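Visitor: Could you walk me through this one, please?
Guide: Gladly, here it comes.

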Amino acid sequence: MSAAAAAGAAAPSAAAIAAAVRSGERTAGGVLDASLAAIAAGDGEVHAFLHVASDAARADAEAVDAAVTAGRDPGPLAGVPVALKDNLCTRGVPTTCASKILDGWVPPYDATVVERLRAAGAVVVGKTNMDEFAMGSSTENSAVGPTRHPKDRTRVPGGSSGGSAAAVAAGFVPVGLGSDTGGSVRQPAALCGTVGLKPTYGVVSRYGLVAFASSLDQIGPMTTTVADAALVLEVIAGHDRRDSTSLAEPPPPAGRSLDRGVEGLRIGLCRELVDGTAPDVAARVREAVEALAAAGATVEEVSVPEMRYGLSAYYLIAPAEASSNLARYDGVRYGLRVDAPDVASMNTATRTAGFGPEVKRRIMLGTYALSAGYYDAYYGKAQRVRTLMIEAFARAYATVDVLVGATAPTTAFPLGERVDDPMAMYMSDVCTIPSNLAGHPAISVPFGSGADGLPVGVQVLAPALGEERMFQVAAAVERAAAERRGTAGAGEAGA
Amino acid sequence: MTTPAALGRDDVAHVAALARLALTDEELDRFTGQLARVIEHARDVAALDVADVVPTAHALPIRNVLRPDEPEPCLDRDTVLAQAPEVEDGRFKVPRIVGEAP
Amino acid sequence: MSGEWETVVGLEVHCELRTRTKLFCACPNVFGEEPNTNVCPVCLGLPGSLPVLNEEAVELAMRIGAALHAEVRPSSFYRKNYFYPDMPKDYQISQYDEPINVGGHLDLPDGSRVGIVRAHLEEDTGKTAHLGETGRIHAADYSLVDYNRSGVPLVEIVSEPDIRSAAQARAYAAELRAVLVATGASDGKMEEGSMRVDANVSVRRAGAELGTRCEIKNLNSLRSLARAVEHEAARQVALLEAGGVVVQETRHWDEQAGRTISMRSKEEAFDYRYFPEPDLVPLAPDEAWRQRAAAAVGRLPAERRRGLAGLVGEPTPAQVDQVQAVVDLGLDELVVAAVSAGAPATLALARAANELAADLEAALALDPGSFAALVVLEARGELTATQSKAVLAELVAAGGGDPVSIAAARGFESLSDEFLRDVVGQLIEANPGEWGRFCEGEDKLAGFFTGQVMKATGGKADGKAVAAELRRRRN
Ligand SMILES: [Mg+2]
Ligand SMILES: [Zn+2]
């Protein structure tokens, strides 16, 4: 079976799998077998996985099946195969961030999200490819080679969580976890045609997520349905005493809002998230908003002009934090070491050999933004712009409940097209960055395709902890997309 | 505030040294060009008059997150040292240190 | 003509806090364990780990602030970025622009006051051992790193450059240590590195602007501190008088050689790139907590010294020293209790200052009633000083007891005045030459006669009474 064929298969949703495993209709072991078989058949070409943890997955699945047999509750994700971005720490399973510098590193602990997934009955199938240390928008910055778009192998899957997005889009697993610092869950989700969620900052614990830019990083699910994204969020959300930035209370569960419709909701079509996007992408966004209006929502066009500073602010703040977060890869305690006669030369030799060019670019950029004489002009300014952004969002949300726009300016672009032009690559994140800077939730929902036949994602943005409203609208977009395809119902959503 | 000068080759060499990265001459040229373009783009932000705006370090207003002073189990030393490039006598071994900590 | 040279010193003291766990993780904060056994993902800086602030460390930092009369403020943490192998994240989490304690002062026993700039929270680094022929860093072949100390909570106390001599620097550090112990924040064990001092030293002509300073790192005893300041100031004066200039730099104190050595090995620019620590949130203790912390501060040494000195009225310079010694030893409560049980303050103070340091732990457990009874016996002349000290040693060893029965058991019955006069008379007759010279003014022979009396009485005579009898006979 080819990857393209796999991508076309209508894989069952996480909710459907969990229901079947809980009822005894299917076993977790059987579900895992199917997933491993799909990976074995298709991943040679897609290259979504860096590491398939068959043994650990088998143990997870057996535990679920044993619970079902014993009449214990196996959890809301019983038997659901999950792929983890390789920046999520897994005890005893290599975690490399697709970097040479962490080659061979085996964490002695599990990330909080991994613990929570397992406790909910999920089966961790393996670790997925990514841009090195989550720095990139195409998964081409992986030290072990790019992931290819499941529907067109000459194209990128987006990034940096391109491996997880491709694994879901290819039908290998119903759920992938990614991390979103400037759009790294939503942008690849849009490009691959899956749902991708970035929760409110602080809703999901970052403990065990290898840091890129700590004040922006947030873990989020990639799924085939909006309902699955809500289901996975419920499992992984919630306070964690090991993360000081973790919020005391998770947002209210979203599942019940999915079928509610959008009648009476005020939808803002965000001008900055449409202007400047490719015409076919802009057309899909407008169609999605029209569909919401047809479903009873009030629609108005809203401008958040401060969004135009988002890209600049982001490419100062994120590299600055990254330059510090990545200092620890020095060849002393774990990972790569390149020998040299003294410790400083050893640090330099190790880091020079271990990091790829994009990581070096961002480390240098961030070092520059923080260095003496430039802090106030760059990092300091960017932090103040962040305040302006939050205030601007607050003004917009005084008149509308959610904002809608494009997730990415274009559909999936050809491999190699932007690798030598960092600025062009950075522009891929222009629509997703504002939510990271503000700490707000946003979700990308597949809605039709572009002129090239590749998926387009529509983004729904909400204020902090506004996940319930956001899901309510996202589900409506999903229903509209299904109607547009002329199929009956929106997959498993709301089932 | 005036915006700072454009980023040049010397700046890149300086930050590379601070970040413990070695660059060839060719890399230095290439990175200078690429980073200068990013910094050029960031001039829109650098040029803003935002002196009256409070900087945001944390998007959400959380305060006073504290942990009780209660010990928990540590990692097993063998597990920790197994990940190290070089070990001696229960400790991490590193080449000669030139200069003391600042 | 310029004025005299003046030494100007500011001190940075790093104090390890006596918490059960580290500053940002739940690893035990203990000294002297096997290397790399008190470590976890957080204090090893493993990818994905995150810091969470220890409540007790904040409490202790606020107590230190209260003891130093500082203002306790809302604060936040920053990252100080630099590469060093004992620092697992290659940045130190420290308070920078917004420290928890701002301003304040410390009053020294001599009455001088040293201003405090700030006292902030930060994490300690691991420990590096340098292996090679000398065990010194510059000659080492390689180094070994132990991260047990990594993440131990520190409060760094920065003084104003108000200190004007090596002796004052030493007095400041000693007083600060006593204050830190009194707050419960520190065990004060400099030999275990619980308190480490960096000295910023410069010299100037009196009244001139501040000179260029050098920083001397990691002075681990009061003696090293005083010597290092003394030598560094002398080095700078000699340099300036020879027409040279002082270069601002960090210098290392070589205890054996008794001099400071430049540590600049190669030109490395330090640019710490401080920025707000995004993994931690701001700290803003409420008024109630701040008050609780201030109330938990024990009585401070200055206050205890005042209380003790008050018992003797107008203390002589020797008594000022005794007061300080007794407070430093923590024996002031014993003295106060003995005095309220009827002991004369002067004698109780003297005995506590001079006789109880040898076995301090036992002395701290001594029953004040027994101590008071002994001091009363001595004051009444029923025991000589020598006898009293012997009985005291026994009381300390036993934790208390009846000094009268101990004295009796040792045969320390007091000598009658008449008997003493007889003994002195017999000794004068037996030593006419010495007596003649004593009468002609050779005062030191009083010691000879006192010794003879002690020998004759088995040490039971009162030295003072002997001296008085000798003077009476000479006149
Ligand atoms: Mg310090
Ligand atoms: Zn620890």
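Visitor: How much space lies in the second largest cavity?
Guide: This is a predicted model, where local features need pLDDT of at least 70, side-chain atom pairs count only at pLDDT 80 or more, and totals for chains, interfaces and linings use all residues. Residues are numbered from 1 along each chain as written, chains are lettered from A and ligands numbered from 1 in written order, and side-chain values use heavy atoms, without hydrogens and water. A cavity is a set of points, on a 1 Å grid over the protein atoms alone, where a 1.4 Å probe fits but cannot get out, and its volume is the space filled by probe spheres set on the points, joined across faces, edges and corners. For the second largest cavity that gives about 80 Å³.

Visitor: Which residues of chain C line the second largest cavity?
Guide: Lining residues have an atom within 4 Å of a point. Here the lining includes A:W105 and B:F92, and from chain C it has C:L44 and C:L46.

Visitor: Which residues coordinate the magnesium ion (ligand 1)?
Guide: Donors are N, O and S atoms within 2.8 Å of the metal (3.2 Å for Na, K and Ca); water is not among the atoms, so sites may look incomplete. At 1.9 to 2.8 Å, the ion is coordinated by C:H14, C:E122 and C:E156.

Visitor: Are C:H14 and C:E122 buried or exposed?
Guide: Buried means under 20% relative accessible area, exposed over 50%, and partly exposed in between (1.4 Å probe, protein chains only). By that rule, both C:H14 and C:E122 are buried.

Visitor: What distance separates the centres of domain 2 and domain 3 of chain C?
Guide: Domain bounds come from an automatic or database domain assignment, which places domain 2 of chain C at 301-409 and domain 3 at 417-474. Taken over C-alpha atoms, their centres are separated by 29 Å.

Conventions. On a 1 Å grid over the protein atoms alone, a cavity is a set of points where a 1.4 Å probe fits but cannot get out, and a pocket is an open set with protein on both sides within 12 Å along at least five of seven lines; lining residues have an atom within 4 Å of a point.
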